[in-house]
Amino acid sequence: AERIPPRRFLSEPDDLGPSFGANNQYYLHQCKLPEAWKIWPGDSNTIIVVADNGFHLNHPDLVQQWKINSNEIPDDFMDNDNNGYIDDYLGWNAMDNDGYVSADLPTLTHATAISGVAGARTNNGLGIAGTAYKCRLSPVKISDATNIPMAGSAAMFYAAETGAQVINCSWGGNIPSLGEQTIVDYAISLGTVVVAAAGNDNDTLPFFPAGYDGVIAVAATTPQDVKYSSSNFGSWISLSAPGMSIYTTDYIAASAQFAYSFRSGTSLAAPIVSGVAALLKSMNPAADPSLVKNCLISSTDPIDQIPANLPYQGLLGSGRLNALKALECMRPYSPPKARLVFPPDVNQLMFCTDDTVFIKAFSPTGYIDSVRWLALSSELQILNPTDSIAHITFTGPGIFQIKLRVYNSYGADSTTISLEAIQ
């Protein structure tokens, strides 16, 4: 058996870092996340495994974001769902082969910071917004109190075996491993997108797992799109993402308080990309990891010609992450999601019996090839049931349902809505 080479976590705390933009999250706007969320914000069926050093699970911006395995009974020392993992009710401890994923020491906060960047809750009046806030996080612990990530390969295997769409690896080392590459290949073959930090040595030497075939290797940049000072670089980098003064979830051990702080490094750049990868997998669950990687790489904003980046031309990947363009790249390959659009003057779903109602079929994900409208009541008539805009009339008062089904070559989806007609 091959011994996995030593690995280390990647983060450079700078808790007193400067503020950039609304809620200190400049990187969301730089990477066009608010615009991307308007297209597709993700969903709770999409899981990001955060393989890291132990989690402060009750952070108020994270406590509702964890993936719960409802088929498992916690702490009964049994594998209730027969998936090969005992007590993986809320993540998995790959170090000790149990369900205890909390930090062994209160000062170990790397995992909590990475989790916040990827998937912190939003619209809750607290702290920050994660890049994939509607997706769910699966915490997988890969170190003990020594803070040495010794179980990263086991975490990748767990992610693959349990069907996670993405795994974030904000750790690594300079020595490659054939066994680790094999596990990466296995995870990718089962549909898991593997994202990894490029390392913080300001060096071109490949850093693993980021340097393995198939992995999305993420370098770090500043708010000005310049290479972050300590970020690794090289021809093996896939793309860059902001990694300087990233405001995220934290825990202050001295006062035993949940908090927020600024951190820097490729560790923080990677979960921004992991979150966008999760949005892509949520938009198109059948997407192969290679398609996700291609959309991320092909849609970046170029940064090579920025004067400070000229010494690193071709060494920061294809450019800096652009979430909006990445989603637009995935749309032609995605199944549709059925949505209804009413005219701007319609602010409630109540109409007069002599009204003609116009409703447009829309999909925020895959483009629509054909539609089918279905009246679920004889008192409601659809004049053009296969057109993208339905013309609906009523023969009397009441509450009626209409169903829309949309199709393209990648799948179909439907939705139902109730309309009320009054005299």
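1. Let me start with Ala 145, which counts as partly exposed because its relative accessibility is 39%. Please keep in mind throughout that this is a predicted model. Ala 145 sits in the loop that runs between β5 (136-141) and α4 (152-161). Leaving out residues up to four places away in sequence, Ala 145 touches Asp 104, Leu 105 and Leu 108. If you want a distance to check, Ala 145 and Gln 165 are 28 Å apart from C-alpha to C-alpha, with a sequence separation of 20 residues.

2. Another loop residue to look at is Met 244, found between β10 (239-242) and β11 (246-252). Its relative accessible area is 25%, so Met 244 is partly exposed. Which residues does Met 244 contact, leaving aside neighbours within four places in sequence? The list is Tyr 26, Thr 221, Thr 222, Pro 223, Tyr 228, Arg 263 and Ser 264. Phe 258 is 14 residues from Met 244 in sequence, and their C-alpha atoms are 22 Å apart.

3. Now for a buried side chain with polar atoms. Asn 93 belongs to strand β4 (residues 92-93), and it is buried because its relative accessibility is 0%. A polar atom of the Asn 93 side chain lies 3.0 Å from the backbone nitrogen of Asp 96. Not counting residues up to four places away in sequence, Asn 93 also touches Asp 98, Tyr 100, Val 101 and Lys 141.

4. On to the cysteines. How many disulfides does a search of the whole structure find? The search finds one, and this disulfide joins Cys 295 to Cys 329 with an S to S distance of 2.2 Å. Cys 295 lies in helix α7 (residues 289-298) and Cys 329 in helix α8 (residues 323-330), so the bond ties together parts that are 34 residues apart in sequence. The torsion about the S-S bond of Cys 295 and Cys 329 is about -75 degrees, which means that the disulfide is left-handed. Cys 295 is buried, because its relative accessibility is 0%.

5. Cys 135 is buried, with 0% relative accessible area. Cys 352, by contrast, is partly exposed, because its relative accessible area is 34%.

6. Finally, the strands around β18 deserve a look. Strand β18 (residues 389-394) pairs with strand β15 (residues 356-362) in the antiparallel sense, over five bridges. Within this pairing, Val 357 stands opposite Ile 392 of β18. Strand β17 (residues 380-382) also pairs with β18 in the antiparallel sense, over three bridges. There, Gln 381 has Thr 393 in β18 as its bridge partner. What do β17 and β18 form, with six residues between them? They form a hairpin. Taken together, β18 has antiparallel pairings with β15 and with β17, which makes a handy place to begin when you step through the strands on screen.

Methods. Residues are numbered from 1 along each chain as its sequence is written. This is a predicted model: local features need pLDDT of at least 70, side-chain atom pairs count only at pLDDT 80 or more; totals for chains, interfaces and linings use all residues. Side-chain values use heavy atoms; hydrogens and water are left out. Two strands pair if DSSP finds at least two bridges between them. Helices (H or I, at least four residues) and strands (E, at least two) are DSSP runs, numbered from the N terminus. A disulfide is a pair of cysteine sulfur atoms within 2.5 Å. Buried means under 20% relative accessible area, exposed over 50%, partly exposed in between (1.4 Å probe, protein chains only). Contact means heavy atoms within 4.5 Å. A polar contact is a pair of N or O atoms within 3.5 Å; within protein, one must be able to donate a hydrogen and the other to accept it, and residues adjacent in sequence count only if both atoms are side-chain atoms.
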